[in-house]
Amino acid sequence: MVSDATRRMAWNEYLDVERAARYYDKLSRQYRRRHNAVMVGLALCAIAGAGRFMFSDYIGRLAEVIVDLGIIAVSVFGLLGNHARKSASLHAVSVLCFDLQDKHKALWSKIENNVIGNDEAYNTLMDLIEAGERATSIPGWADISVNDKLNRQSQREADDSLVDQYSIKEA
């Protein structure tokens, strides 16, 4: 039989992995959209730059300067943001978190059905926590800051999802 302390810890970790999987997936998509916006911006700037040379007799000097500043701004934003790399890193984290989510679900099922002892549940949980810490340390290496608003939203969705799934608030 699993102790109440182990049950609570397992539930809280399951909830945290659920939140993390949602959070990193959404943040990855956000960086992917930024990357795509930069690519579209660069394409538009390239077209405007080509048009500038073709129609330089017809457009004023101010329009030429605006096109040049646009090209510089979009290029710098794309280079400094490094959105594609951040999106790829975050996607890798979300995949690891979704895998951990499945493992936490399996552990919780064993706990709920009393088919696992406390020591085995605790050891499995510690292994899952360690794997989660490794996975979620990747954004720190990639210099990706935390999005608190998205994190809170992901927490609410995770709470709602597990409450609906198990019809409980906490273990």
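Modeller: One term to begin with: contact means heavy atoms within 4.5 Å. Bear in mind that this is a predicted model.

Biologist: Fine. What covers the buried residues of helix 2?

Modeller: The cover includes helix 1 (4-54) and helix 3 (83-112).

Biologist: And which residues of helix 2 are buried?

Modeller: Glu64, Val67 and Gly81. Looking down the axis of helix 2, these buried residues stay within an arc of 160°, so they line one face of the helix.

Biologist: Which residues are exposed on the other side of helix 2?

Modeller: Arg61, Leu62, Ile66, Leu69, Ile72, Leu79 and Leu80.

Biologist: How far does helix 2 reach from its first C-alpha to its last?

Modeller: Helix 2 covers residues 61-81, 21 residues, and reaches 30 Å, close to the 30 Å expected at 1.5 Å a residue. Asn82 follows helix 2, with a positive phi near 45°.

Biologist: Now helix 4. What should its 19 residues span at 1.5 Å a residue?

Modeller: For residues 118-136 the figure should be 27 Å, and the end C-alpha atoms are 26 Å apart, which agrees.

Biologist: Which residues are buried in helix 4?

Modeller: Ala121, Leu125, Leu128, Ile129, Ala131, Gly132 and Ala135. Down the axis of helix 4 the buried residues fall within an arc of 165°, so they line one face of the helix. On the other side of helix 4, Asp119, Asp127 and Glu133 are exposed.

Biologist: Change of topic. How many aromatic pairs does the structure hold?

Modeller: Five. One of the aromatic pairs is Trp11 with Trp108, which is tilted, with 5.1 Å centre to centre and 55° between the planes. That pair links distant parts of the chain, since Trp11 is in helix 1 and Trp108 in helix 3, 97 residues apart.

Biologist: Are Trp11 and Trp108 buried or exposed?

Modeller: Both Trp11 and Trp108 are buried. Another aromatic pair, Tyr23 and Tyr24, is edge-to-face, with 5.0 Å centre to centre and 70° between the planes. Tyr23 counts as buried because its relative accessibility is 4%, and Tyr24 counts as buried at 10%.

Biologist: Which residues form the aromatic cluster?

Modeller: Trp11, Tyr14, Trp108 and Tyr166 form one cluster. On another ring, that of Tyr31, the charged end of Arg34 sits over it, 4.9 Å from the centre.

Biologist: On to charges. How many salt bridges does a search of the whole structure find?

Modeller: Eight. In one of them, the side chains of Arg7 and Glu112 meet at 2.8 Å, N to O.

Biologist: How far apart are the closest N and O atoms of Asp16 and Arg19?

Modeller: They are 2.9 Å apart, and the two residues form a salt bridge. Asp16 and Arg19 are separated by about one helical turn because they are three residues apart in helix 1. Asp16 is partly exposed at 34% relative accessible area, whereas Arg19 is buried at 13%.

Biologist: And Arg22, which residue does it form a salt bridge with?

Modeller: Glu157, with the closest N and O atoms 3.8 Å apart. Arg22 lies in helix 1 and Glu157 in helix 6 (residues 148-166), so the pair ties together parts 135 residues apart in sequence. Glu18, Arg22, Lys26 and Glu157 are linked in a network of salt bridges.

Key. Residues are numbered from 1 along each chain as its sequence is written. This is a predicted model: local features need pLDDT of at least 70, side-chain atom pairs count only at pLDDT 80 or more; totals for chains, interfaces and linings use all residues. Side-chain values use heavy atoms; hydrogens and water are left out. Helices (H or I, at least four residues) and strands (E, at least two) are DSSP runs, numbered from the N terminus. The expected span of a helix is 1.5 Å times one less than its number of residues. Buried means under 20% relative accessible area, exposed over 50%, partly exposed in between (1.4 Å probe, protein chains only). The arc is that of the directions from the helix axis to the C-beta atoms. Rings of Phe, Tyr and Trp (its six-membered ring) pair if their centres lie within 6.5 Å; planes under 30 degrees apart count as stacked, over 60 as edge-to-face and the rest as tilted. A charge sits over a ring if NZ of Lys or CZ of Arg is within 6 Å of the ring centre and within 35 degrees of the ring normal. A salt bridge is a side-chain nitrogen of Lys or Arg within 4 Å of a carboxyl oxygen of Asp or Glu.
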